[in-house]
Amino acid sequence: RGVPDVTEQSAVDHRACGHGKIILLGEHAVVYGSHAIAAPVPLAVRAVAQDTKSGGVDMFIPRWGVEYRLHRDPAHRDSFQRSLGIIFDTLELTERSMRIEVFPNVPRAMGLGGSAAMAVAVIRALDQHYKLGLGDEEINALAFRCEEVAHGSASGIDNTVATYGKPLLYKRASKKGDAPMVRELHLPKRIPIVIGISGKESLTAVTVGKVRTAWQRNPVLYDGIFQQIDGLTLQGMEAMQQYDLERLGDLMNICHGLLNALRVSSWEVEELVQIAREHGALGAKLTGGGGGGSIVALCPQNREKVAAAMRDAGYQAMEVDIG
Ligand code: MEV
């Protein structure tokens, strides 16, 4: 009766997943040891592994038109292969013959944790296919190593949300090798957010690198900004737990001002923030690496209006509930 029709829906069931994320407060400062608050979004990267007779590891990302054979020797890998290549080396799968297909529903380079979600999805696909018995902690640790390559000095927050898919307060360990502080946030009610997507691709490695250069020139000045972000993130956690959205909105607005001071905003990001505030958002700020990418707007009353205004201005908007 021919080849069975594999619908999108039935295919989803056996694909491994890594969650996309937003950062509500604390990005960039978290790289320097401050707290940050992040939450998963209903966008995920999925992946599936299959045996082949091709004699190597073949990676397919049809949506991006990406197809490549993983180079066995890490020294010969290009920048795209380098990060995911760590997974195959660590799991000792580089010599296998397989096809990995990736379905990225997190937009690329938009500050929504796409690279971490992809690493987690690929690790989970390999874990399922080869029955490796990896726990979430091991998956998270391996995805962190991929992130370090992708981001330069990653804090580990993106891979943690990609792995666990829960809202959380995060603080990196002060010593390399120690475990970070991760606390799941339990909220009394879900928090209504609009994600505004600028469409301007931006690599987190680049903005993290720019902040590092500025910090190296004047550590005292920048440490002061990171401390302020740390303080408002901890206040933000309280506001979320008390469902005090006015206060949370204020903190998001101030956080955006500080991120702007770090020069990780962009023309598009500023326009999206202004649109959100003018249409009644209580707070609006860039999310993730910045330099383009996405913003988050806190919209308890007029969410459709804010999202519609962003779309009218030529941007994408997504309404999500956090918590
Ligand atoms: C990226 O989502 C968040 C940054 O703080 C980088 C990191 O924490 O690794 C900009």
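Predicted model: local features only at pLDDT ≥ 70, side-chain atom pairs only at ≥ 80, totals over all residues.
Student: What is the mean pLDDT of the protein chain?

Tutor: The term pLDDT denotes the predictor's confidence in each residue, from 0 to 100. The protein chain has a mean pLDDT of 93, and 96% of its residues reach 70 or more. Over residues 1-13, the pLDDT is below 50, and this stretch has three contacts in the model beyond near neighbours in sequence. Contact means heavy atoms within 4.5 Å.

Student: At what angle do α2 and α3 cross?

Tutor: Helices (H or I, at least four residues) and strands (E, at least two) are DSSP runs, numbered from the N terminus. Axes are lines fitted to C-alpha atoms, for helices over the stretch in contact, and angles run from 0 to 180 degrees between N-to-C directions. Angles under 35 degrees count as roughly parallel, over 145 as roughly antiparallel, 65 to 115 as roughly perpendicular and the rest as oblique. Here the axes of helix α2 (residues 79-90) and helix α3 (residues 114-130) cross at roughly 25 degrees and come within 10 Å. The two helices α2 and α3 are therefore roughly parallel to each other.

Student: Which residues make the contact of α2 with α3?

Tutor: Leu84, Ile87 and Phe88 of α2 meet Met118, Ala119, Val122, Ile123 and Leu126 of α3. For classes, Ala, Val, Leu, Ile, Met, Phe, Trp, Tyr, Cys and Pro count as nonpolar, Asp, Glu, Lys and Arg as charged, and the others, Gly among them, as polar. The contact of α2 with α3 has eight nonpolar residues, no polar and no charged.

Student: Is the crossing of α7 and α8 left-handed or right-handed?

Tutor: A crossing is left-handed if the near helix is turned anticlockwise from the far one by less than a right angle, and right-handed if clockwise. The axes of helix α7 (residues 219-241) and α8 come within 9 Å and cross at roughly 160 degrees. That angle makes α7 roughly antiparallel to α8. Their crossing is left-handed. Among the residues in contact are Ile225 and Leu232 of α7 and Leu251 and Ile254 of α8. By class, this contact of α7 with α8 has eleven nonpolar, three polar and two charged residues.

Student: How do α4 and α5 pack?

Tutor: Helix α4 (residues 136-151) packs with helix α5 (residues 157-164) at an angle of about 145 degrees, their axes 8 Å apart. The crossing of α4 with α5 is right-handed. Their contact has four nonpolar, five polar and four charged residues.

Student: What order do the strands of the open sheet have?

Tutor: Strands of a sheet pair through backbone hydrogen bonds, either parallel or antiparallel. Two strands pair if DSSP finds at least two bridges between them. The open sheet of four strands has the order β9-β10-β8-β11, with antiparallel pairing. Its edge strands, β9 (283-287) and β11 (316-322), each pair on one side only. Five bridges join β8 (residues 191-197) to β10 (residues 294-298), and valine 194 has alanine 297 in β10 as its bridge partner.

Student: Which strands does helix α8 lie across?

Tutor: Helix α8 (residues 245-261) lies across β8, β9 and β10, at about 45 degrees to β9. Helix α9 (residues 267-278) also lies across β8, β9 and β10, running at about 160 degrees to β9.

Note on methods:
Residues numbered from 1 in each chain as written. Heavy atoms only, no water.
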